[in-house]
Amino acid sequence: MSNAAYQRLTHRMSRLGALGEASAMLHWDASAMMPSGGGAARGEQLATLAGLSHELFTAPEMAADLAEASAEEPWAAANLELIRSSHARSSALSTELVEASARANSACERVWREAKAKSDFAMVRPYLEEVLRLQRETAQALSAVTGLSAYDSLMEGYQRGVTAAEVEPVFDAYEVFLRDALPRAEEIQARRGKPIPLPGPFPVATQRELCRSLSLRIGLEADHSRLDESVHPFCGGIPSDVRITTFYSEADPAKALLGVLHETGHALYERGLPEAHARQPVGEAAGMAAHESQSLIVEMQASRSDAFLSFLGPQLQAAYGGDSAAYAAKNLAGLWRHVSRGFIRVDADELTYPAHVILRFRLERAMIEGRLAIADLPGAWAEGLHSLLGITPPDDAQGCLQDIHWYDGGFGYFPSYTLGAMAAAQLMKAARAATPGLDAALTQGDMAPLLGWLRKNVHSQGSRLGFQDLMRAATGKPLDPMDFQDHLTARYLT
């Protein structure tokens with residue numbers, strides 16, 4: 001059983017968890033509701049919370065209790081191990097560095113928004129240089145206590161137990177696969193002809209109502225969630241108060257709709273985390289690759305399947321009107337599973353999307369390792385994208401300014417996107433094998449069978465298992481990139 005020292009630790013972690021929840025809400029508000037004039041004050045608030053959390057976590061009594069604590073029950077033992085690991089990482093960093101990074105990230109993000117609008121990388125370059133300087137300092141400090149490389153130490157903060165040495169061959173193999181698969185998919189697509197455009201119009205008010213109703217239909221509870229608007233769609237908030245955002249285009253309802261389905265997948269994961277371990281490390285999500293698998297299993301694997309599209313078509317026609325032929329499942333598949341070599345990651349199809357992630361993985365690793373200067377980032381981006389997809393971005397807004405991540409200090413995050421896509425394919429394969437009526441339910445717009453399987457095998461597990469152990473427990477094997485390639489082959493190459 002757990003001892004008194006462990007009980008004191010869990011009490012302290014619960015208080016730290018509440019501070020983290022407050023910070024999460026402030027981040028959501030900054031992106032969805034806050035007026036632009038509040039940015040400087042918000043940056044100071046977030047920096048203060050980050051510093052306070054760091055001081056509480058690295059206090060002498062924390063170390064004393066960790067030295068004395070023991071726990072035998074499996075969940076408690078896993079929680080204690082996670083606390084020890086997080087404490088070691090936090091203790092490697094000074095409060096000054098933590099607060100300086102939070103301030104630099106907030107300042108850089110604010111300038112990035114304007115720089116992106118003006119497609120002017122020079123405007124944000126000095127701010128990004130400061131963010132990178134602090135990220136490299138953080139990575140070196142973490143490396144000293146983790147024994148990992150500098151870049152791996154940052155990756156560990158997003159998905160524990162996965163290193164660049166494991167990711168690199170997976171990504172290299174996908175690049176080889178894509179070199180053959182992309183032109184084949186384009187040829188097959190050309191032979192099928194162009195799909196019928198949806199007729200419209202697409203009033204934002206109608207889109208908003210449809211997006212919310214679909215989000216609720218697939219399992220998100222109204223009294224534990226909100227849907228708002230932001231420049232960059234995201235899922236934020238806390239497990240009992242989940243906040244998702246999207247942006248609406250009157251010319252293309254798919255942007256908001258598919259974005260909401262994606263973020264609802266994230267939200268459902270947060271809602272399914274084990275309440276008994278709330279505000280404890282073991283009760284959190286199993287990492288960002290695991291999180292991305294949950295958004296993508298809803299959006300890509302389920303919502304873009306032939307089965308769900310057959311349900312969705314009539315819903316769209318009822319909302320927007322027009323010829324039923326445009327809303328047929330086959331036509332929607334042609335529209336929303338269209339393969340194209342584009343500049344924008346968030347608009348990419350699932351076949352070319354990993355190329356965008358591979359590019360960012362290589363660039364951010366080079367920046368952290370000191371092999372790529374910020375001044376050379378636009379050129380390196382253009383060269384890398386051309387090598388992967390044969391296209392060159394016409395400006396910075398469609399190049400290295402398009403994503404928020406680096407400008408907000410998110411170095412080491414990008415591999416999670418493609419690892420999550422691969423995991424989603426593997427999990428969907430296992431879910432179908434275990435739930436024979438899953439696709440029949442999707443034709444009725446019913447994701448309950450899929451969600452039930454995910455609740456049992458992924459959500460309820462919290463972070464007691466590492467990513468690979470979670471995949472083994474759910475599917476019988478560690479991450480297998482071939483399941484993703486098999487999925488892509490069946491969907492795009494046959």
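V260 lies in helix α10, residues 253–272, where helices (H or I, at least four residues) and strands (E, at least two) are DSSP runs, numbered from the N terminus. The model is a predicted one, in which local features need pLDDT of at least 70 and side-chain atom pairs count only at pLDDT 80 or more, while totals for chains, interfaces and linings use all residues. Residues are numbered from 1 along each chain as its sequence is written, and side-chain values use heavy atoms, with hydrogens and water left out.

With a relative accessible area of 1%, V260 is buried; here buried means under 20% relative accessible area, exposed over 50%, and partly exposed in between, computed with a 1.4 Å probe on protein chains only. When its neighbours within four places in sequence are left aside, V260 is in contact with C211, S215, L227, I244 and T246, contact being defined as heavy atoms within 4.5 Å. The C-alpha atoms of V260 and T246 are separated by 6.2 Å, although the two residues are 14 residues apart along the chain.

Strand β3 covers residues 241–246 and is mostly covered, five of its six residues being buried. Strand β1, residues 225–229, pairs with β3 in the parallel sense over five bridges, two strands being taken as paired if DSSP finds at least two bridges between them. Strand β2, residues 235–238, pairs with β3 in the antiparallel sense over four bridges, and within β3 it is I244 that stands opposite C235.

The charged side chains give another view of the fold. Side chains of opposite charge can pair when their charged atoms come close. The structure holds 36 salt bridges, each being a side-chain nitrogen of Lys or Arg within 4 Å of a carboxyl oxygen of Asp or Glu. One of them joins R42 to D29, with the closest N and O atoms 2.9 Å apart. Because R42 lies in helix α2 (residues 39–57) and D29 in helix α1 (residues 4–32), this pair ties together parts that are 13 residues apart in sequence. R42 is buried, its relative accessible area being 12%.

A further salt bridge is formed by D306 and R337, whose closest N and O atoms are 3.0 Å apart. D306 lies in helix α12 (residues 306–320) and R337 in the loop between α13 (329–336) and α14 (353–368), so the pair ties together parts that are 31 residues apart in sequence. D306 counts as partly exposed at 48% relative accessibility, whereas R337 is buried, with a relative accessible area of 14%.

The side chains of D403 and R345 also meet in a salt bridge, at 3.0 Å from N to O. This pair links distant parts of the chain, 58 residues apart, with D403 in the loop between α15 (377–389) and α16 (415–434) and R345 in the loop between α13 and α14. Both D403 and R345 are buried. Salt bridges that share partners, moreover, join R8, R12, D65 and E68 into one network.

Some backbone features fall in loops. A cis peptide bond, with omega about 0 degrees, joins G200 and P201, and P201 lies in the loop between α8 and α9 (204–217). S119, a residue other than glycine, has a positive phi near 50 degrees; S119 is found in the loop between α5 (95–118) and α6 (121–146), and at 25% relative accessibility it counts as partly exposed. R279 likewise has a positive phi, of about 60 degrees, although it is not a glycine. R279 is found in the loop between α10 and α11 (288–303) and, at 38% relative accessibility, counts as partly exposed.

The second largest pocket is lined by 18 residues, of which R192, G193, K330, A333 and G334 lie nearest its centre. The elements giving two or more residues to this lining are α8 (164–192), α13 and α20 (481–492). On a 1 Å grid over the protein atoms alone, a pocket is an open set of points where a 1.4 Å probe fits, with protein on both sides within 12 Å along at least five of seven lines, and lining residues have an atom within 4 Å of a point.
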